[in-house]
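Student: I've got a model open and I'd like to go through it with you. Can we start once it's on screen?
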Amino acid sequence: MKHYLCKLVLIGSLLAGAALADKPNVLLILTDDLGYSDLGCYGSEIATPNLDRLAADGLRFTQFYNTAKCHSTRVSLLSGRWCRQAGDESLKKAVIIPEVLAPAGYFTAMSGKWHLSKEPTDFGFQRYFGHLSGATDYYKGDKSFRLNGQPWQVPKKEFYTTVAKVDHALGFMEEARGEKKPWFLYLAFNAPHAPLQPLKADYQKYLGKYDAGWDAIREKRLLKQKELGLFGRELQASPRPDHVAAWDSLTPEEQSWEARRMTAYAAMIDRVDQEIGRLVRDLETKGELDNTLILFLSDNGACPYDRRSTDRDREPYEPGVRWSDSTGWAWARNSPFRYYKQNQFEGGISTPAIVHWPAGLKTAPGALVHSPAHLVDVLPTLADIAGAQVPETWPGRDPSPLAGVSLKPVFNGEKVASRPPIHLLFASDRGLRDGDWKLVSFQSQPWELYNIAEDRTELNDLAGKHPEIVEKMSKQWHDMTENVLKAPEGERKPVAAEATEQRHREWTVYGDAKASSMRHEAGKEKARKGKGKGMAKAAAAGTKMPRARVGTKLTVEGAELVLECTGEDPGLAFNGVPGVSVTGPYSLVFSVQSQASGGGEVYYTTDAQTILPKGKHLTFDVQHDGQWHSHTVKLETSDTLHSFRLDACAGPGSVRIKELKLLDAQGLVLQNWP
């Protein structure tokens, strides 16, 4: 009997091992601010042979949607839920992919940009390398780098983020092999997100290629998309918008600057492809490529926000040089669509989406899938393929129902039987895709209605012809926003009755070779002026008022600081704290009433040379329930405080701060605001 039981145990172990061996490895790759047409297999002139090969041997989606924004895409991708529904960056109402796959026998690892609350190792990732921040210097990194939950010092030489992330990814894959487990690896590049800092060799490869300008490059991309048969039918491309200047109208100095900016973009995208090639070759060498499910995506469309660029007369790979995005090139990179990152038009939400899995795909090599899909579908798809259960409960969290559907039928060459409407929301930009119909609003301007099956580029607004569809879909959108996402009231207000000019204050201003930097400086000057009588009184009393960050409008109402945040770099910077001469430690004490989203952060410095948000970085939880909550953040330093930054949210919405005080080690008030 004992011999018989041993045989049963051995057989059971062998069967369990075989089942694990049959499960595919999963490589989930996310790029940052990559435009729809930025890959060769989606129309680009940029050399992306490795991704093009994966597409040729696998399949491409032509209507795969993201959330049009960095952090909200990461929430939806990992959680299978709409961002608000998942609890935003806190993920308090979700269980995410590694937590679903680990119980099914998977080794889980991440390399790259996190941009959510806490750290990846707090959410089921057994290994992690990367930066917690939303953006970082490609050569110098920042102080948010972590390795397996511990601070990691960025080397002073021979470091580049895109390369380093793949170096560690390869190491994690090798660890998984040692444990003889299938693995899930989430690789989140920060490229080609600004600052535009390519490697020298990659940059020089593209010099001169963009001298023809965005009009000519876009025409070439459109032609290539047609030759590829990318959309399965004839498409009318969106025209150049009024806010983008014709290339020929630019001065030679402007043309030179813009051509070099696009050269930097191309080089950074090329490098991403080269590093993915390293991963693919490793999988081939280890005999794992056939049974590795590779999914490649972008977090939003190309970024149009032309913020401050430094050292335009130097090369972008030189130390300290930081170039920003370009609205004109964002338009070309999103060919053939309208608008950009953050907008819920197709240019903001359409991602290149490549699936490669020779052992699992039943579709013909190079297949194009024209049915709509969304990031929220990734978790249910992976759970379905891995035979994993999605937990309905989780310690310390209250998981909401999944919003996505499994795409496994698509991989089998079939169609998804049905899917619920795709909800679209970031800040004041909103939309809803239901079947062929799409309802969309630019910054809460009047609803526009498009039949995507006939008008993918959103050129023919049918809202006037079909008010009944607008009414029905508007009600759907509001019902989902309130009852499924449970978004704050400010994000559920009716759209405007009349349209105004569709512009954004951070889009490039053309007509002056220094327009973007002048615009940036003008914006800073405006932020310093006219903050209300409360600020004037505070200044008279010797209190230096904070400076509102780019994505924040600050006013003072009595004893309260009132912040209206767009979700784009929100917060307050206290540059230089007058009257503070004692050394630390300190306590920052304040109360917050929030109807925004995301976690809170404090950065502080003890010298004039360290520029915020560099310096020490702390986090705190924020409740976005519209009630007042008290907070105390300890600044553990023995030096004298110089400056600090307070971010009471990470997403869009309204925030009020009162009773903000800086205390010394004995609890005495050193400074208070307003």
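**Terms put to the test**

Tutor: Start with aspartate 33, which is buried at a relative accessible area of 1%.

Student: What makes aspartate 33 buried?

Tutor: Buried means under 20% relative accessible area, exposed means over 50%, and partly exposed is in between, with a 1.4 Å probe and protein chains only. Aspartate 33 has 1%, so it counts as buried. It lies in the loop between β1 and α2 (49-57), and its phi is positive, about 70 degrees, although it is not a glycine. Helices (H or I, at least four residues) and strands (E, at least two) are DSSP runs numbered from the N terminus.

Student: Before we go on, where do the values come from?

Tutor: This is a predicted model, where local features need pLDDT of at least 70, side-chain atom pairs count only at pLDDT 80 or more, and totals for chains, interfaces and linings use all residues. Residues are numbered from 1 along each chain as its sequence is written, and side-chain values use heavy atoms, with hydrogens and water left out.

Student: How do you know that alanine 68 is buried?

Tutor: Its relative accessible area is 0%, so alanine 68 is buried. Alanine 68 sits in the loop between β2 (59-65) and α3. Its phi is positive too, about 75 degrees, although alanine 68 is not a glycine.

Student: Why is helix α3 called mostly covered?

Tutor: Count the residues: 10 of the 10 in α3 (residues 70-79) are buried. Among them are Cys70, His71, Arg74 and Leu78.

Student: What do the buried residues of α3 pack against?

Tutor: Their partners include β1 (25-31), β7 (183-188), β8 (292-298) and α11 (378-386). For contacts, the cut-off is heavy atoms within 4.5 Å.

Student: What makes strand β21 largely enclosed?

Tutor: In β21 (residues 600-605), 5 of the 6 residues are buried, so the rest of the structure largely encloses it.

Student: How do you know which strands β21 pairs with?

Tutor: Two strands pair if DSSP finds at least two bridges between them. β21 and β22 (residues 616-620) have 5 bridges, in the antiparallel sense, and β21 and β24 (residues 643-647) also have 5, again antiparallel. Glutamate 601 has threonine 619 as its bridge partner in β22, while threonine 605 is bridged to serine 643 in β24.

Student: Where are the cis peptide bonds you'd point out?

Tutor: One runs from alanine 194 to proline 195, with omega near 5 degrees; proline 195 is in the loop between β7 and α6 (200-205). Another joins tryptophan 673 and proline 674, with omega about -5 degrees, and proline 674 falls in the segment after β26 (669-673).

Student: Zooming out, how many helices and strands does the protein chain have?

Tutor: There are 15 helices and 26 strands.

Student: And why is the protein chain called as compact as a globular protein of that length?

Tutor: The radius of gyration is taken over C-alpha atoms, and the globule rule is 2.2 Å times the number of residues to the power 0.38. For 674 residues the rule gives 26 Å and the protein chain has 25 Å, which is close, so the description holds. Buried residues make up 58% of the 674.
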